[in-house]
Amino acid sequence: MIEFRGVTKRFPDGTVAVHELDLVAEQGRITVFVGPSGCGKTTSVRMINRMIEPTSGELRVDGRDVLAGDPADLRRGIGYVIQQAGLFPHRTIVDNIATVPVLLGRGRREGRSRAMELMETVGLDPSMARRYPNQLSGGQQQRVGVARALAADPPVLLMDEPFSAVDPVVRENLQDELLRLQSELGKTIVFVTHDIDEAIKLGDKVAVFRVGGTLAQYDEPGVLLSRPVDEFVDTFVGRDRGYRGLGFLSSDTIPIGELPTVGLGDPVPEQGWHAVLDGERRPLGWIDGGHRPGGATVSEGDVVPGGSLYPVGSGSLRGALDAALSSPSGRGVAVDADGRVAGSISADDVLTALPDARRHDPAA
Amino acid sequence: MTYLGWLFSSENWAGSAENPGIAQRLVEHLGYTALTLLIALVIALPLGAWIGHTGRGGLMVVGIANALRALPTLGLLVLLFLAVGLGLLGPLIALVILAVPPLLAGTYSGVANVDPSIVDAAKGMGMRGPEVLFKVELPNALPLIIGGVRSALLQVISTATIAAYVGLGGLGRFILDGLSQRDFPQMIGGSILVALLAIVADLLLGGLQRLLVSPGLQQRGAQAGPGRLRLIRGGAGTDRARAA
Ligand SMILES: Nc1ncnc2c1ncn2[C@@H]1O[C@H](COP(=O)(O)OP(=O)(O)OP(=O)(O)O)[C@@H](O)[C@H]1O
Ligand SMILES: [Mg+2]
């Protein structure tokens with residue numbers, strides 16, 4: 001757990017980067033700091049590992065005042081991932097990752113075997129172990145940066161815009177992997193970004209900063225979307241927040257309706273949209289029924305691609321609505337955990353379920 | 001042709017008791033060079049590393065190093081001769097003063113110019129000052145440090161000929177004796193030997209650089225190439241100026 005109590009940072013030139021910050025980053029959770037450029041996110045996060053010392057206020061990591069002990073000891077117990085990875089160019093990947101274990105005196109051999117394990121954990125091919133950072137892609141370097149921060153198994157992880165230098169596809173990939181990792185590791189993570197979408201995707205709680213280093217709002221992402229405290233947060237959270245907010249509402253109450261289906265090789269239905277299924281009852285797409293001049297059976301060439309699928313039991317209202325809207329028939333295909341067709345949903349069903357979902361949502 | 005004859009005469013290589021040959025002069029020359037470089041490294045390496053690491057006193061040291069660079073070595077030698085008399089000490093001091101600036105500049109700029117984000121990452125991971133210096137800054141500065149050693153070595157090898165002016169040995173003897181005896185093959189042969197020695201030493205250091213510098217930095221090491229060429233040309237120029 002990381003506690004800021006009235007923490008202020010004033011730089012020697014008079015700039016107040018962080019002003020009276022009160023915030024608790026909870027144990028085992030991802031807390032995201034988000035806000036426009038220059039609002040003090042980096043300064044706040046660097047005060048946690050004492051790369052910057054607070055001017056006033058109190059800052060505790062797991063109950064210990066950061067200013068109490070030796071800064072190097074503090075930092076060895078806190079993983080730190082920075083933008084552009086900051087890897088050591090003169091060291092191989094495996095030795096980069098083993099840095100902190102070796103610093104802690106665990107020996108090079110043990111450090112390296114730990115590093116090899118971690119390469120697998122973060123999804124790096126072990127054959128890259130002997131390469132140097134300049135032989136890796138940006139996304140791979142970031143993975144090494146994460147592995148290096150995790151090497152000594154610190155309870156706290158600080159990540160300052162770790163994914164901002166990679167392209168959107170790799171970025172999304174890295175975000176998913178971080179969430180997967182976190183579900184296994186349960187670290188206390190403070191994650192800095194200037195991208196509100198990234199904040200909402202990753203954060204268990206999101207702290208929105210405004211320029212001048214004050215906290216504008218600190219809430220769960222769903223609350224941030226449904227109830228921004230003021231105009232600044234509203235604007236910052238951005239367009240479509242109503243729609244995006246559906247992503248945090250449970251869709252359990254939506255009724256699953258009938259779905260007309262047809263198999264490959266079956267006769268073409270007389271009229272209306274039918275979902276085309278394979279032998280395992282998995283959806284392949286849609287076919288619009290009606291008279292066909294040539295053949296009378298459904299072939300692969302007739303199949304119109306379907307929209308997104310709606311997983312029953314684990315989906316959100318946003319997913320359900322998107323499934324309905326992206327389907328050519330206007331009805332979204334609902335599937336069970338094995339990907340087999342369970343029925344259909346309509347956009348109207350989603351909207352009908354909305355008030356109920358709002359009432360049951362603890363965040364709203 | 002005649003100086004090639006002088007160079008390839010086995011008599012000239014062996015020499016005699018009262019008139020030492022090329023082999024012995026070569027060893028003497030290498031001895032002066034090695035001793036000079038050793039002393040200069042002991043002075044410049046820690047100083048340059050410390051200044052580069054702390055960022056304190058950098059401007060002052062660079063200024064002093066540049067001032068030292070401007071001193072005419074031969075004039076300095078005469079001054080030292082008047083101060084400390086004949087013997088090894090005078091030329092040794094003059095040569096050390098010549099060798100320190102490139103070593104200091106190489107070490108200082110090598111350490112000071114390590115990418116700040118890497119140094120920041122090192123500190124953020126919990127490295128203390130000396131660990132940052134030895135585990136991160138010096139390994140990353142190595143290409144520039146070795147660049148400094150190469151340029152110092154070239155200058156010392158070419159300038160160690162001045163030892164002959166104060167009655168010591170080394171390859172400078174052939175140049176000086178050849179000049180006074182109007183024995184041009186001997187004089188030119190001596191100069192060629194100095195130049196060859198410098199080239200061989202530089203090639204050896206180049207090989208050493210490839211061995212010592214991390215492969216992860218080799219691209220940056222290659223960038224030191226043009227700078228090194230400039231130093232060779234500079235070294236040869238000053239050599240001619242001094243010999244004249
Ligand atoms: N060493 C320093 N000296 C003076 N002012 C500083 C220093 N470091 C940061 N600042 C100022 O403090 C403020 C906050 O900086 P900080 O780096 O924390 O912002 P940030 O939220 O991380 O911004 P970005 O999204 O651009 O990274 C800025 O106005 C910055 O100019
Ligand atoms: Mg920042």
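This report describes the domains, the chain interface, the ligand surroundings and the salt bridges of a predicted model.

## Basis of the model

The model is predicted: local features need pLDDT of at least 70, side-chain atom pairs count only at pLDDT 80 or more, and totals for chains, interfaces and linings use all residues. Residues are numbered from 1 along each chain as its sequence is written, chains are lettered from A and ligands numbered from 1 in the order in which they are written, and side-chain values use heavy atoms, with hydrogens and water left out.

## Domains of chain A

Chain A is assigned domain 1 (2-237) and domain 2 (261-359); such bounds come from an automatic or database domain assignment. Taken over C-alpha atoms, the centres of the two domains of chain A are separated by 42 Å.

## Interface between chains A and B

In the interface, 23 residues of chain A are in contact (heavy atoms within 4.5 Å) with 22 residues of chain B. The size of an interface is often given as the accessible area lost when the parts come together. Here the buried area (accessible area, 1.4 Å probe, lost on putting two parts together and summed over both) is about 1900 Å², with 58% given by carbon and sulfur atoms.

Four salt bridges (a side-chain nitrogen of Lys or Arg within 4 Å of a carboxyl oxygen of Asp or Glu) are counted between the chains. One of them pairs A:Asp73 with B:Arg128, with 3.1 Å between the closest N and O atoms. On the side of chain B that touches chain A, at least two residues each come from α7 (116-124), α8 (129-159) and α11 (218-223) of chain B; these helices are DSSP runs (H or I, at least four residues), numbered from the N terminus. The most is given by α7(B), with seven residues.

## Surroundings of ligand 1

Residues near ligand 1 (a heavy atom within 4 Å) include A:Phe11, A:Asp13, A:Lys41 and A:Glu161. For A:Thr43, a polar side-chain atom lies 2.5 Å from an oxygen atom of ligand 1.

## Salt bridges overall

Over all chains, the whole structure holds 26 salt bridges. Among them is A:Asp95 with A:Arg112, whose closest N and O atoms are 2.8 Å apart. This pair links distant parts of the chain, 17 residues apart: A:Asp95 belongs to helix α3 (residues 93-97) of chain A and A:Arg112 to helix α5 (residues 108-121) of chain A.

Key
Polar contact = N/O pair within 3.5 Å; in protein donor to acceptor, adjacent residues only side chain to side chain.
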